[in-house]
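Dear colleague,

Please find below the sequence and structure that I am handing over to you. A summary of the findings follows them.

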Amino acid sequence: MSQRSPSRRHPISDREVFKMAHSARNPADSIPPVIVESDLMKRGGFEVFEGLIGTNTRNEMLSEALALLPDATDCEVQIPDGEEGRGGMPRRRFANARGGTLQQAFNTAQWLLDFLRGLTNPALIYTGEVGTYSYYLRAGDHLDIHRDIVTCDVAVITCLYDDTPVDQDGGRLCLYPERYLEPLSMIRGRPEQGGVKIRLDIGQTIVMYGGIIPHALLPLAEGQTRIVSVLCFKAL
Ligand SMILES: [Fe+2]
């Protein structure tokens, strides 16, 4: 199931794990040892999986996402708020819709909860909130470097559609697993340093500590389209 993703190239060393647990300047320094010592953190804070949902379900979820598109909300922030830790208002432009019945069945499935608990924290819980679909439909649609909001410690993002050419960066996730100690302004100031670009192919799911590992969605080029399912879980 595991793709043995590029995260393997960026394991977090014991020294880094110690720093993470003890550094006073770490924006995420309240992370409990159970997270620091979890399987997912030791893989670099994220992992890409193939086939977490079957092809039929994925196609049905894409149909659901397209059916909900007319109700989607445009999310555009041109002037960011300068948040250094989690949440805030990072620069962004894409559309977002509340998930439907099919996605909610995935969101609340016991097998998914068990799977995520094995990767992260045995006490991980479903947030009680519905998931969302994100639509990157126009050239330049993106989401700038951020950490996820406090109710979203673990993000589960499944690609339902992406026609981005494999040799282009547009539409790729860019994660900074080695810069998790830094305030966001430092990463935004030197975004080329330490970025791990992940192309999430159709049917692949990334599980990541979105509240810990800074990440971005790189701007789409002309003619590209990307639709993903986004779920959030509480692990801290
Ligand atoms: Fe995020």
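**Contacts of isoleucine 213**

Apart from its neighbours within four places in sequence, isoleucine 213 is in contact with Gly45, Phe46, Leu175, Tyr176, Pro177, Tyr180 and Met208. Two residues count as being in contact if their C-beta atoms, placed from the backbone, lie within 7 Å.

Please note that this is a predicted model, in which local features need pLDDT of at least 70 and side-chain atom pairs count only at pLDDT 80 or more, while totals for chains, interfaces and linings use all residues. Residues are numbered from 1 along each chain as its sequence is written.

**The chain and its core**

The protein chain has seven helices and 12 strands. These are DSSP runs, numbered from the N terminus: helices are H or I with at least four residues, and strands are E with at least two. Of the 236 residues in the protein chain, 41% are buried. A residue is termed buried if 20 or more other C-beta atoms lie within 10 Å of its own, exposed if 12 or fewer do, and partly exposed in between, with C-beta atoms placed from the backbone. Among the contacts in the protein chain with a separation of 6 or more, 85% are between residues 24 or more positions apart.

The largest nonpolar core has 52 residues, of which Val154, Leu175, Ile206, Val207, Tyr209, Ile213 and Phe233 touch the most other members. Such a core is a set of buried Ala, Val, Leu, Ile, Met, Phe, Trp, Tyr and Cys residues joined through C-beta atoms within 7 Å.

**Strand S12 and its partners**

Strand S12, residues 226-234, is mostly covered, with seven of its nine residues buried. Two strands are said to pair if DSSP finds at least two bridges between them. S12 pairs in the antiparallel sense with strand S7 (residues 154-162) over eight bridges, and valine 156 has leucine 231 in S12 as its bridge partner. Five bridges join S12 to strand S5 (residues 132-136), again antiparallel; here the partner of tyrosine 133 is serine 229. Strand S4 (residues 125-126) is joined to S12 by two bridges and runs antiparallel to it, with tyrosine 126 opposite phenylalanine 233.

In S5, five of its five residues are buried. Strand S3 (residues 92-98) is antiparallel to S5 and joined to it by four bridges, with alanine 97 opposite tyrosine 133.

**Helix H4**

Helix H4, residues 55-68, reaches 20 Å from its first C-alpha to its last, close to the 20 Å expected at 1.5 Å a residue for its 14 residues. The expected span is 1.5 Å times one less than the number of residues. Arg58, Met61, Glu64 and Ala65 are the buried residues of H4. Seen down the axis of H4, they fall within an arc of 115 degrees, so they line one face of the helix; the arc is that of the directions from the helix axis to the C-beta atoms. Their cover includes helix H5 (101-107), S5, S7 and S12. The face turned away from the buried side carries the exposed residues Thr55 and Asn56.

**Asparagine 121**

Asparagine 121 is found in the loop between helix H6 (110-119) and S4. Why is asparagine 121 counted as buried? Asparagine 121 is buried because 22 other C-beta atoms lie within 10 Å. Leaving aside neighbours within four places in sequence, asparagine 121 is in contact with Val34, Ile35, Ser38 and Ala235.
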